[in-house]
Structures are given as C-alpha cells and as structure tokens.
Amino acid sequence: MSNTSIRSGSSEAEVSQDGAYVERLSLDGEEVLKPSRDGSQTRGGSAVLIPYAGRIRSGRYTFEGRNFRLPVRPDGHAIHGFAKDARWNLARESTGSATLASRLRSADYPGILDARIRYSVRPESFTTECSVKNVGTRSCPFVAGFHPYFLARRWRIVTTGRTYRYTLADVYFPTGERKPFSFAETGPGTSLDDCFRVAGEVRLETEGRTLVITRRRMPYLVVYNGKHAEGISVAIEPYTGLEDAYNNGIGVIVLRPGESFSCGYKVGLSRP
C-alpha cells in the first residue's frame, strides 16, 4: 500500500492509493478524523463512495431497461460503491495538494468512469474535489459521497439553512417523504443513522473547536454515530444523492457517454 502525505504548515493529511482513502487528517496540529481500528475504510478516516453512496436495496437496480445486480453484504444490500476497492494512481502532486486518478468499471455497472480526487491542505482547512467523466459507450447512474468520521465526544451540529430529514423504510431507505428538522434536538446521546437534505454550511461544535463544513453540489447528508463511531466521533457524510438513489431517484445523476460531473466539500477549523 502506498501513502501520500500532504502538508501545509502544521496541517497534514495521509492519503492511501488504495481507494483514495484519507487515513488521517490534522488541522493546525489537531487530529480531526477518527482512525479505523480494523482497517475498514468505512469505519474511520474518510472513504470515497463512488459510483453510489449508501445502500442499494438487495443490490438490484434497473437502468435504461437493463437489470443489474451488485455484490451484496451480509445484510443483503450493496453498499458504498466500488471506488474504495480500486487502486488509484498519484496523478499530480504539489505543495499542499495531491490528485489521485482511477478508471472505475464493473460488470455490474453500465458506465466506465475516469475519476479524479484532488485533496488540498491549508493551515486551517482541508478540501476534497471530485470529478468524473463517463468514458464508456453507455449512459450510467451516478452518486458521489464521502465518509469522514470527525473526532468529537461532546458535540453539537448547527446548520445555517433549511434542513429536512427523510422518513426511512426498512431501517435504511428513504421513502421520499421529508420533514423540517433541527439538529438542536440531537447530540451524543442521540442515535443517528439518518438521511438529510441541508442547505448552507454545517457546523460541528465540540470541545474547544468548531469544524465548518461547506459543500459544492452535494446537498444531502448522512449523519451517523452508531457503533463504528465508537463514542468518540460522528460521521457527517456529504452525498450528491441518497441511499438507494438508483431505485428511488433521490439525487441520482445520469452521465451520458462523454459527460462529466464535479462536486466537493471543505472542512475548516475554527477555535474560540
């Protein structure tokens, strides 16, 4: 496994070429991400979730009249795409940034994606920029997501724009029904594994610091503080579309041959 270190002042990110996975992130000398204890990319650090984020029910979907079946986990559903299982090449490196690239294809997916992730570190911020192009001959559905586990024991989430929580069916799957929501109702004692649409920035306030999360073309969030958060973190996951988007259509993007899409998010560190 090859790792790339990205540095700017006292900030640093460690990125693996396996999955373009962010293993650790320090901003202004302060650790921001919970490490994965068992090496699983979706149990710590920040994983890349492409070309779908969250679960696809039973691993099945139909696109343009063709039926597809994705590999499933023990719970019977496909989850979090196959970019995290791919090898990424270091395409470009400069002071404070690195770009990783991979060609993503699968027998269970109609498109072929040229994907690039650019990570940039500044003294008090970390930016993730994603771009994909369908270089195949068939159109394909697409969702991008990221899975950062932010270190925080006592925390509060504050949103600056309208926030909605989706009603879920069978634990995981949004029905399309959504209701206004305030994160003021939540905290470390609240069990969360929920889907949201959130406008504006998101602030994670914790002991002695605030992380300010801004997003570009990623209007959805999944917020999770279940067992893999280990009581010391909360995952605030930016998505372009929601769980099972290939079936329910919530945020799914269709990339025709030759078409591209880009998105991203930024985490800034603020102290009192």
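These questions and answers walk through a predicted model.

User: What is the volume of the largest pocket, and how many residues line the largest pocket?
Analyst: The lining includes Thr42, Arg55, Ile79, His80 and His228, which lie nearest the pocket centre. In total, 21 residues line the largest pocket. Its volume is about 470 Å³.

User: Which elements give two or more residues to the lining of the largest pocket?
Analyst: The elements that do so are strands. They are strand 15 (145–151), strand 22 (220–224) and strand 23 (233–239).

User: By class, how many residues in the lining of the largest pocket are charged?
Analyst: Seven lining residues are nonpolar. Six are polar. The charged residues number eight.

User: Is tyrosine 172 buried, partly exposed or exposed?
Analyst: Tyrosine 172 sits in the loop between strand 17 (163–169) and strand 18 (173–180). Its relative accessible area is 22%. Buried means under 20% and exposed means over 50%. Tyrosine 172 is therefore partly exposed.

User: Is alanine 20 buried or exposed?
Analyst: Alanine 20 is in the loop between strand 2 (11–16) and strand 3 (21–27). Its phi is near 50 degrees, a positive value in a residue other than glycine. Its relative accessibility is 0%, so alanine 20 counts as buried.

User: What is the relative accessible area of serine 58?
Analyst: Serine 58 lies in the loop between strand 6 and strand 7 (60–63). Phi of serine 58 is also positive, near 60 degrees. Serine 58 is partly exposed, and the value is 29%.

User: How do tyrosine 52 and tyrosine 246 pair, and which aromatic cluster do they belong to?
Analyst: The structure holds 13 aromatic pairs. In one of them, tyrosine 52 and tyrosine 246 are 5.8 Å centre to centre with 70 degrees between the planes, which is edge-to-face. The two are 194 residues apart, with tyrosine 52 in the loop between strand 5 and strand 6 and tyrosine 246 in helix 1 (residues 245–248). The cluster is Tyr52, Tyr61, Phe68 and Tyr246.

User: Why is the pair of tyrosine 149 and tyrosine 224 classed as it is?
Analyst: Tyrosine 149 lies in strand 15 and tyrosine 224 in strand 22, so the pair ties together parts 75 residues apart in sequence. Both tyrosine 149 and tyrosine 224 are buried. Their ring centres are 6.3 Å apart and their planes stand at 85 degrees, so the pair is edge-to-face.

User: Which ring does the charged end of arginine 178 sit over, and which does arginine 197 lie over?
Analyst: For arginine 178, the charged end is 4.4 Å from the centre of the ring of tyrosine 164. Arginine 197 lies over a ring face at 5.0 Å from the ring centre, and that ring belongs to tyrosine 220.

Terms used: Residues are numbered from 1 along each chain as its sequence is written. This is a predicted model: local features need pLDDT of at least 70, side-chain atom pairs count only at pLDDT 80 or more; totals for chains, interfaces and linings use all residues. Side-chain values use heavy atoms; hydrogens and water are left out. On a 1 Å grid over the protein atoms alone, a cavity is a set of points where a 1.4 Å probe fits but cannot get out, and a pocket is an open set with protein on both sides within 12 Å along at least five of seven lines; lining residues have an atom within 4 Å of a point. Grid points are joined across faces, edges and corners, and a volume is the space filled by probe spheres set on the points. Helices (H or I, at least four residues) and strands (E, at least two) are DSSP runs, numbered from the N terminus. Ala, Val, Leu, Ile, Met, Phe, Trp, Tyr, Cys and Pro count as nonpolar, Asp, Glu, Lys and Arg as charged, and the others, Gly among them, as polar. Buried means under 20% relative accessible area, exposed over 50%, partly exposed in between (1.4 Å probe, protein chains only). Rings of Phe, Tyr and Trp (its six-membered ring) pair if their centres lie within 6.5 Å; planes under 30 degrees apart count as stacked, over 60 as edge-to-face and the rest as tilted. A charge sits over a ring if NZ of Lys or CZ of Arg is within 6 Å of the ring centre and within 35 degrees of the ring normal.
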